[in-house]
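This report is meant for a reader meeting the structure for the first time.

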Amino acid sequence: MSVAVIIVAAGSGSRLGAGLPKALVEVGGGTLLEHSLRTALQVTGLEQVAVVAPTSHLETVTELVHGVRAGCVVHVVAGGADRTASVAAGLAALVDGLGDDTTEPRDDSDTSDPSESTDADPQADLVEPQVVLVHDAARCFTPLEVYERVADAVREGWVAVVPGLPVVDTVKVVDERGVVHSTPPRARLRAVQTPQGFVRSELEAAHASGISATDDAALLEQLGHQVLVVEGDPSAFKVTTPADLVRAQRHTASLST
Ligand code: C5P
């Protein structure tokens, strides 16, 4: 099964407060997006990448993607109002049956129907299911091994796979007043990360259902699919707040020593 990666990078980054979209913030000699893209491009069996960019920074992201040496097609598309809409935009940009070794990134922002941009057999992905890995640009130091672990589990037959880590805090479910409703047993909880992996046709079906969620696995759960959690990695932390950025800076410093 070939692999497509969607990198969602269209968030505003308001909680980071850097004055520009989070994915374009620099740490350790590159933007969060560049770090994510460089790792994603090494995934085994990679056929294409869709980078989902903030509408306000499409040109900047396209230039930045041009600067990263890619061995496959890289689409750049505009994101949506929330993460679910941005993933849907990335999914729509993926094309079927790529077989060439194009190295030039493509700007697909003005392509309304991506299926018209290729003369490949539209049935191609019915013949060979494709793995789609959906990754948050903000988890820019996710090791390649996590991508491979997730993709392997999809190849082994799981429709939906997420990386996750045990949680250290006791977690409470509260009602709208903040009153505790329940305390799930901690040993059964996992904090999930990205990339999350899916059989492409099932992810497309989940997005067509019109449900919205903070991760894609939740969409498949709601449609009754089993979702497997494989081992995540502490380095796959998400840069959200200024404190996360400090952690990211320390992380890159530790890599260079
Ligand atoms: O907001 P949060 O940190 O959960 O975002 C996770 C990822 O989703 C980030 O990489 C962000 O750029 C992306 N995102 C997006 N489009 C949105 C909101 C978030 O691509 N509208």
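## Strand β4 and its neighbours

Strands β4 and β5, the latter covering residues 73-78, pair in the parallel sense over six bridges, and within this pairing Gln-48 stands opposite Val-73 of β5. The model described here is a predicted one. Between the two strands comes helix α2 (residues 58-66), and β4, α2 and β5 together make a right-handed β-α-β unit. Strand β1, which spans residues 3-8, is likewise parallel to β4 and is joined to it by six bridges, with Val-49 of β4 as the bridge partner of Val-5. Strand β4 itself, residues 46-53, is mostly covered, since eight of its eight residues are buried.

| Strands | Sense | Bridges |
|---|---|---|
| β1 and β4 | parallel | six |
| β4 and β5 | parallel | six |
| β7 and β12 | antiparallel | four |
| β8 and β12 | antiparallel | two |

## The nonpolar core

In soluble globular proteins, nonpolar side chains tend to be buried together. Here the largest nonpolar core has 64 residues, and Ile-6, Ile-7, Ala-9, Val-51 and Val-52 are those with the most contacts inside it. Once neighbours within four places in sequence are left aside, Val-51 is in contact with several residues, including Ile-7, Ala-9, Val-61, Val-65, Val-74 and Val-76.

Most peptide bonds are trans. The bond from Thr-194 to Pro-195, however, is cis, with omega near 10°, and Pro-195 is found in the loop between β11 (190-192) and β12 (196-199). Along β12, Gln-196 and Phe-198 point one way while Gly-197 and Val-199 point the other way, and all are buried. Strand β7 (residues 131-136) pairs with β12 in the antiparallel sense, and there Val-132 stands opposite Phe-198. Strand β8 (residues 160-166) also pairs with β12 in the antiparallel sense, and Ala-160 stands opposite Phe-198.

## The ligand and the whole protein

Which residues come nearest to the ligand? Of the 18 residues around the ligand, they are Val-8, Ala-10, Gly-11, Ser-86 and Asp-136, and the shell as a whole divides into eight nonpolar, five polar and five charged residues.

Taken as a whole, the protein holds eight helices and 13 strands, and 40% of its 257 residues count as buried. Among contacts between residues at least 6 apart in sequence, 72% join residues at least 24 apart.

Note on methods. Residues numbered from 1 in each chain as written. Predicted model: local features only at pLDDT ≥ 70, side-chain atom pairs only at ≥ 80, totals over all residues. Buried ≥ 20, exposed ≤ 12 C-beta atoms within 10 Å, placed from the backbone. Contact = placed C-beta atoms within 7 Å. Near = placed C-beta within 6 Å. Nonpolar A, V, L, I, M, F, W, Y, C, P; charged D, E, K, R; others polar. Pairing = 2+ DSSP bridges. Right-handed = clockwise from strand over helix to strand, strands pointing away. Core = buried A, V, L, I, M, F, W, Y, C linked by C-beta atoms within 7 Å.
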